[in-house]
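Here are my notes for anyone opening this one for the first time. Have a look at the model, then read through the points in order.

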Amino acid sequence: ENQVPFSYALNGTNTQVNRPFNYMGSNILTVFSNALSNYNALNLKAEKRLSAGLEFLANYSWQKNISSNGDGPDAYTQNGGTSIAMNTYDLAGERAVTPINIKHTFSSSASYELPFGPGRQFLNKNGIASQFLGGWVVNGILSLRTGFPTDIRTNVLPPVFNTFNVASCVPGVSMTVKNRGVDGFFNPAAFTVPGVTHSQSGSVVQEFGNCGRRVATGPGSKNLDSSIFKNFYFTQSDRIYLQFRTEFFNTTNTPTFLLPSASDPTLTCQGTPGSVCNSKNPNFGKLSNGQATGRQIQFSAKLYF
């Protein structure tokens, strides 16, 4: 990135002539040959094959995907991903969970045929009650996941020609607010603008933030699709029947909010050195992007023969 070490800022040699490529004033994209990717996961599966009208499948995974500067996932621009190192002279500080890391994921599907009507446990006779209460099937697909990680950045840069900086973390303070929502998700009190130190000549030098890369986790996602079927049987063998369907997509009408780019103002800590992150940016920590598709309901009919 054509940076100079932080020590140069302290001794006053952080000038153009001391840059590695002093004839170039712009930043240079550095591609490092050293990279590290470490992935560990726990996967659990539970399944019940169809019996007594019930079947279900459930999967849970816990994972941690860690990388350092230079590997593929860091090239994602969303969630704090970038192929540029914050500090070229401290690549160990680039080690963090990848922008695509999702800690917890759970998905399940189930189908249950209610035990009423001909051939079932209850009302196993032909009649009005049997025809009305029999043949009902309920189904559901549930998906849950935690959020993606992100940087919490700041627009205050150390004078070493770097392109971005991260905030400093306040120990013991939750990174998210208690009642998370659109108007407040990340907790401004958990982050501060990095402090300053002084050079040998007494000049004020902005420091790198101590939060590190991708320390915060954005909003998760919850989605339930469900349906109710009603089967009308025309023969005792159940080989010919008419099925009416009512299907609900996003049954609970729950929105999914997304993280913007890590350079978005809602993820940028602004203020004076040491101040909390909303002192000059009241939009810090709010959610600005999301999926707008709400609950959808559709009806259909199918004839099986």
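This is a predicted model: local features need pLDDT of at least 70, side-chain atom pairs count only at pLDDT 80 or more; totals for chains, interfaces and linings use all residues.

1. Two elements, β10 (176–181) and β16 (221–233), each supply two or more of the lining residues. β10 gives the most, with three.

2. How big is the largest pocket, by volume? About 350 Å³. As for what lines the largest pocket, nine residues are polar, six are nonpolar and two are charged.

3. Next, the cores. The largest nonpolar core holds 16 residues, and Ile-152, Ala-167, Phe-186, Phe-191, Cys-277 and Phe-284 have the most contacts inside it. There's also a second, separate core of eight residues, with Val-4, Ala-9, Val-160 and Val-166 among them. In soluble globular proteins, nonpolar side chains tend to be buried together.

4. Setting aside neighbours within four places in sequence, Phe-186 is in contact with residues including Thr-150, Met-175, Val-177, Leu-259, Leu-267 and Phe-284.

5. Now zoom out. The protein has 21 strands and two helices. The C-alpha trace spans about 95 × 40 × 30 Å along its principal axes. The radius of gyration is 28 Å, whereas a compact globule of 305 residues would have one near 19 Å.

6. Of the contacts between residues at least 6 apart in sequence, 69% join residues at least 24 apart.

Methods. Residues are numbered from 1 along each chain as its sequence is written. Side-chain values use heavy atoms; hydrogens and water are left out. On a 1 Å grid over the protein atoms alone, a cavity is a set of points where a 1.4 Å probe fits but cannot get out, and a pocket is an open set with protein on both sides within 12 Å along at least five of seven lines; lining residues have an atom within 4 Å of a point. Grid points are joined across faces, edges and corners, and a volume is the space filled by probe spheres set on the points. Helices (H or I, at least four residues) and strands (E, at least two) are DSSP runs, numbered from the N terminus. Ala, Val, Leu, Ile, Met, Phe, Trp, Tyr, Cys and Pro count as nonpolar, Asp, Glu, Lys and Arg as charged, and the others, Gly among them, as polar. A nonpolar core is a set of buried Ala, Val, Leu, Ile, Met, Phe, Trp, Tyr and Cys residues joined through side-chain atoms within 4.5 Å. Buried means under 20% relative accessible area, exposed over 50%, partly exposed in between (1.4 Å probe, protein chains only). Contact means heavy atoms within 4.5 Å. The radius of gyration is taken over C-alpha atoms; the globule rule is 2.2 Å times the number of residues to the power 0.38.
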